[in-house]
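Please open the structure in your viewer and keep the selection tool at hand. The stops below go from paired side chains to pockets.

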Amino acid sequence: MKKFNRLISMLLALVLMLSFVSCKGGDDSESGGGSVSSESESVSGGGSSGGSEDNGKIPDASNPTEDFPEHKVSGTLHKVNVTPSEKRVFVSGGKTEYKLVYASTAYISKAASFIASHVFEATGANLETETSPVWSENAKYIVVGDKDFMKTAGVTEPTENIGSTGYGIKTKGNSVFITANGYDGYQLGAICFLRQVVGYDMMYDDLVIYEKDGATIPDMDIVERPDFDYRSGSNNAIMNNTSARYGMGFTDNTIFLAPQGKRYHNTFTYLPKDKYENAHPEWYCDNALGKFEHSQLCYTAHGDKDSLKEMQTIIAEQILDLAADTELKNVTVTQEDTESKCECDACNAIVDEYGSISAAIIMFMNGVDDIVQAKLEEEAANGTEKKELNIVFFAYHFSSAAPSKLDDKVKCNEHVGVLLALSRASYTHTLYESINSSPLSFLEGWKDYTDKLYVWMYQNNFATNSYQAMYNSFDSVIENYRAAYLNNAVLIMNQGNWESINSGFARFKDYIDSHALFDVNVNYVDLYNKFFKYYYGDGGEYMKQFFDEGIAQLRYIERAYPGEQTGLIVHQPLNKSKFWPFRMLENWKNLCEQAIAANKKYEVTNPQYYKAVTTHITVDSIFPRLYLCQLYPTSYSDEVIAEMRSSLATDCRTNMITHTGEAEYIAPLFESWGV
């Protein structure tokens, strides 16, 4: 993480007469899993509606798309009892009498170090480590994961089911005790402690805010478990950034094992056609014309039970090899990325009986799992603990629908999970709207078939030349997460631009995810206001106006061009001049320039902070600048358009913006411009 050093913090304090460590107000909610650092309290200006005609709904406190009380969920584990208290003085004059006590486990040590580093950044106080703690009510300890010392102090662990991802935080006497059962639990527990004591929140790895001064430690009795045990950051900027993943509360590592590292569309990696196709054509699908198209597996081996068993055994043996030397518990066996399914007589008979080819896939995967679990039981017979290993398959395209008839044959085994990819949803709308009736029916259909439902959503327009444009899934996403939670999902992967850093306010989506995947009942407007208050520094007012007008225009486009834009993620390109009037794009470019100018005062007094916020603004300026250069080159003189294209190319290269669409590199465009 790019941490602001103490000197920078002091400089900012002198400039503002109010350091970031004591910025009050904002969001003191107890929910969310984020972590952030900011060195300036920016203006959170209102912005204008902009756009065309009435421009649809503006995402403000009076009209948030996702604010449907009837879809709020109950039964989540967020017991947060926090009361301010003056009795535990934590930091005074940049010093603290508190010491860290923690277990030596690597991930517990990491959580303790994370706490220490952010207490220092927020307050200037060094938290030293106590290796020989002695309990008394007057002792001043922050205890992380030392369960023996907890017992000595008479502090009990949570009685609630916190799993491996939840945590408990409790004060007793002058001390604080943080306990959990696994890596994620201590990660999130550390974040929660910092949130309560120094007002920590992370918007990206280069910007952390502290809205409390850390003067005292409140009375705390907290037990929480994230609403989704696995929380995947699915934009390139998060996927490839370990500091942001940890500090924003995302699941820090992949949870999936896969053959040759290929997590998705990997059935042919297990059963490569060049190895098995000639000897076993029945392992691959027939198409509707009766010809061997072989673009997917046949999950019945054309009705040959012995051949089917051989298929399953080959896959099971590879799964066991993959899992031999790792603690990861989930292995993917996922269909290829084509629309073709097998239509042999055996497969068609299953479809006739169960209404979906997914029934054949479940039976196939259950058979693989039977072999895997029998082998694990055998290995555990010598007294070792049986390894937990789950097999996860795709429900995707032709297999999206669950079987229409539930019986023992198509109920997933205990260790078989479903990764439901809702690729045909319109994510500019909630799943509860009529346009998404089919995707919602898929989601609702799977909840009775497995206890391990993983849901793959999407947050970007993947069409040609549309990656960097705004895609309006901002205020619908929390509603969609609620729908997933209510249908027993345990993982959300909301895929964004996985190939490139993204413009179009993509970091706001990451920020929403960092909180909403932890607690689906968070309020979108609170997140919206806080993000624009801090992420762009003193330029937040201008960027909020840009954002509001962009959302309004996207809603207008859907109404004005219903045949061309419905919010689907593919085959609906956004790079059309009729969607984006010249004056609108030019105004947004100018707003970005004004936002950078508003932060100019930090260029000398706090250059690291200046670099962070100007980088944020520059990345989000790529969207209007790119479309101006592509759609309106003749609106400028030759000299001006040449300079615009040159600076655009420089900013894209500097900020690792490499794609304009899925598998569509931006470099050829720059080459065509000669820049």
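A residue is called buried when its relative accessible area is under 20%, exposed when that area is over 50%, and partly exposed in between, with a 1.4 Å probe and protein chains only. This is a predicted model, in which local features need pLDDT of at least 70 and side-chain atom pairs count only at pLDDT 80 or more, while totals for chains, interfaces and linings use all residues. Residues are numbered from 1 along each chain as its sequence is written, and side-chain values use heavy atoms, with hydrogens and water left out.

**Salt bridges**

Select Arg225 and Asp229 to begin with; both are buried, and they form a salt bridge with their closest N and O atoms 2.8 Å apart. The term stands for a side-chain nitrogen of Lys or Arg within 4 Å of a carboxyl oxygen of Asp or Glu, and the whole structure holds 26 salt bridges.

Next, select Lys530 and Asp201, whose side chains meet in a salt bridge at 3.1 Å, N to O. Lys530 lies in helix H15 (residues 524–534) and Asp201 in strand S7 (residues 200–204), so this pair ties together parts that are 329 residues apart in sequence. Helices (H or I, at least four residues) and strands (E, at least two) are DSSP runs, numbered from the N terminus. Lys530 and Asp201 are both buried.

Then go to helix H11 (residues 358–380), where Lys375 and Glu378 are three residues apart and therefore separated by about one helical turn. Their side chains form a salt bridge at 3.6 Å, N to O. Lys375 is partly exposed because its relative accessibility is 34%, whereas Glu378, at 54%, counts as exposed.

Finally for this part, select Lys87, Arg88 and Asp219 together, which are linked in a network of salt bridges.

**Pockets**

A pocket is an open set of points, on a 1 Å grid over the protein atoms alone, where a 1.4 Å probe fits, with protein on both sides within 12 Å along at least five of seven lines; lining residues have an atom within 4 Å of a point.

For the second largest pocket, with about 920 Å³ of space, select Tyr264, Trp456, Met493, Gln495 and Trp498, which lie nearest its centre among 36 lining residues.

How values were computed
Points joined across faces, edges and corners; volume = space filled by probe spheres on them.
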